[in-house]
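Here is my note on the model you sent. Please keep the structure open while you read the points.

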Amino acid sequence: MNDQPRRRPAKPHRRPKKDPVRFLAFEALRAVDERDAYANLVLPPLLKKARAKGDFDGRDAALATELVYGTLRRQGTYDAIVAACIDRPLREVDPPVLDVLNMGVHQLLGTRIPTHAAVSASVELARVVLGEGRAKFVNAVLRKVTAHDLDGWVEKVAPPYDEDAEDHLAVVHSHPRWIVSALWDALGGGRAGIEDLLEADNERPEVTLVARPGRSTTEELVKALGEDNSLPGRWSPYAVRMAEGGEPGALEAVRESRAGVQDEGSQLVAAALAAAPVEGRDSRWLDGCAGPGGKAALLAALAAERGATLLAAEKQPHRARLVERALAGNPGPYQVITADGTRPPWLPGTFDRILMDVPCSGLGALRRRPESRWRRRAEDLEAFAPLQRGLLREALKAVRVGGVVGYATCSPHLAETRVVVEDVLKGRGGEPVEAEWIDARPLMPGVPALGEGPDIQLWPHLHGTDAMYLALLRRTG
């Protein structure tokens, strides 16, 4: 008789099961990190491919979208939480591992997914994309995260507001400290305003459509969407908001470029320039930084109604092609060219109205491109500064006396907005320009909280738009 204890049979090796939703979200996060891609450009083709294969339905696509954007928006907060749960510096954790961890933390602390499901799904994803050893590390960390809810973790990892207000806000609202400081300077006021702004940056923006005048109407868009899936624009007479998301490209008017996707802030900037009073002739308009074409398409439609011509100039050839696509079918005369606005091919005094929506940090669109907050550095603004001043200076030369220039940025940073305009008008770094401010506020009728003027700063938390800036200048000599 054999007295040796029986050995339990080894568990059969189980291949990890690939969850298509979480695997796709991981793919998108890796593309954002490895290729400096933008989620809003990476995610749609991935979703389209998954739908074509039959892997996804609408709920799957919504979950994948939430996992990607939620993880990116709250990355700073989640990094601090993960750092508190490991025994090594966060920088020593490989980026793919951190992506799986942060996506798991988002499921635990930022969604209604049950705790067990969030942990087990994240560990299974780690087995697929990282291997068994790292999956055990993911499991151990996420089980520590389950000890507290989001508020409990924030209380543990964020410094007290009274000791370091900016660092506290940076951790709580998941923004780099330098951006918190810059936004606070631009906004002014106390704690409530900056917290509202930072929180608005972390909310999913609505999809807003623009009905280009003479080519489409808001009534057409509402009818195509259905009244249950459409809301009127808050401020722009050309805007329709999509109440439940959906696919804008499925609309006939969008496919034909008679309508488009455009934030209301951008619509208001273009409409304000078009409404600004000019002295004398009003037949030649210029969009000097036209790519990718949203504002140019609205300006072209408005110009056509008055018998004016729009010239849309864009330095980058691939972006100029996007402008051509946006303007295709416009009933009035227009032209799209590839040109550098700092070395313009046109003669001085050629135009009656000019829009210069200059390249900038993009800090006004953090709701749409949450990953950009982690890529930008304060020193990036120094690289934009000469370009912004050069474009505005050339625009003021290109407009005739009595004509109007609109200087716009999708950034509220003072170094990219009012400071640029004041430097150009005072001749800092170049010859002084004879021009005067126009009060832009009356040109956005019905829009509240536009400040003391004469320029305008829109805000996500006050207006539900991107943080667009607009200064209107009339050349006087």
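**Notes on packing and pairing**

1. Start with two helices. The axes of helix 4 and helix 5 come within 10 Å of each other and cross at roughly 100°. Axes here are lines fitted to C-alpha atoms, for helices over the stretch in contact, and angles run from 0 to 180 degrees between N-to-C directions. Helix 4 and helix 5 are therefore roughly perpendicular; that label covers 65 to 115 degrees. Helices are DSSP runs (H or I, at least four residues), strands are runs of E (at least two), and both are numbered from the N terminus.

2. A word on the source. This is a predicted model: local features need pLDDT of at least 70, side-chain atom pairs count only at pLDDT 80 or more, and totals for chains, interfaces and linings use all residues. Residues are numbered from 1 along each chain as its sequence is written, and side-chain values use heavy atoms, with hydrogens and water left out.

3. Ala, Val, Leu, Ile, Met, Phe, Trp, Tyr, Cys and Pro count as nonpolar, Asp, Glu, Lys and Arg as charged, and the others, Gly among them, as polar.

4. Helix 3 also packs on helix 5, at an angle of about 105° and with the axes 9 Å apart. That makes helix 3 roughly perpendicular to helix 5. Helix 3 brings Glu 66, Leu 67, Gly 70 and Thr 71, while helix 5 brings Asn 102, Met 103, His 106 and Gln 107. The classes here are two nonpolar, five polar and one charged.

5. Now the largest nonpolar core, with 49 residues. Such a core is a set of buried Ala, Val, Leu, Ile, Met, Phe, Trp, Tyr and Cys residues joined through side-chain atoms within 4.5 Å. Leu 24, Phe 56, Val 68, Val 138 and Val 145 touch the most other members. Helices 1 (20–34), 2 (39–53), 3 (58–73), 4 (75–84), 5 (95–109), 6 (115–129) and 7 (132–145) each supply at least two residues of this core. Another core, of 44 residues, lies apart from it and includes Val 210 and Trp 285.

6. Look at Val 145. Beyond its neighbours within four places in sequence, Val 145 is in contact with Ile 81, Cys 85, Val 105, Leu 108, Leu 109 and Trp 153.

7. How many salt bridges does the structure hold? There are 36. A salt bridge is a side-chain nitrogen of Lys or Arg within 4 Å of a carboxyl oxygen of Asp or Glu. One of them joins Glu 220 and Arg 258 (2.8 Å, N to O). Glu 220 lies in helix 12 and Arg 258 in the loop between helix 13 and strand 4, so the pair ties together parts 38 residues apart in sequence. Glu 220 is partly exposed at 27% relative accessibility. Arg 258 is buried at 17%. Buried means under 20% relative accessible area, exposed over 50%, and partly exposed in between (1.4 Å probe, protein chains only).

8. Arg 368 and Asp 263 form another salt bridge (2.7 Å, N to O). These two are 105 residues apart. Arg 368 is partly exposed at 25%, and Asp 263 is buried at 8%.

Methods
Contact = heavy atoms within 4.5 Å. Parallel < 35°, antiparallel > 145°, perpendicular 65-115°, else oblique.
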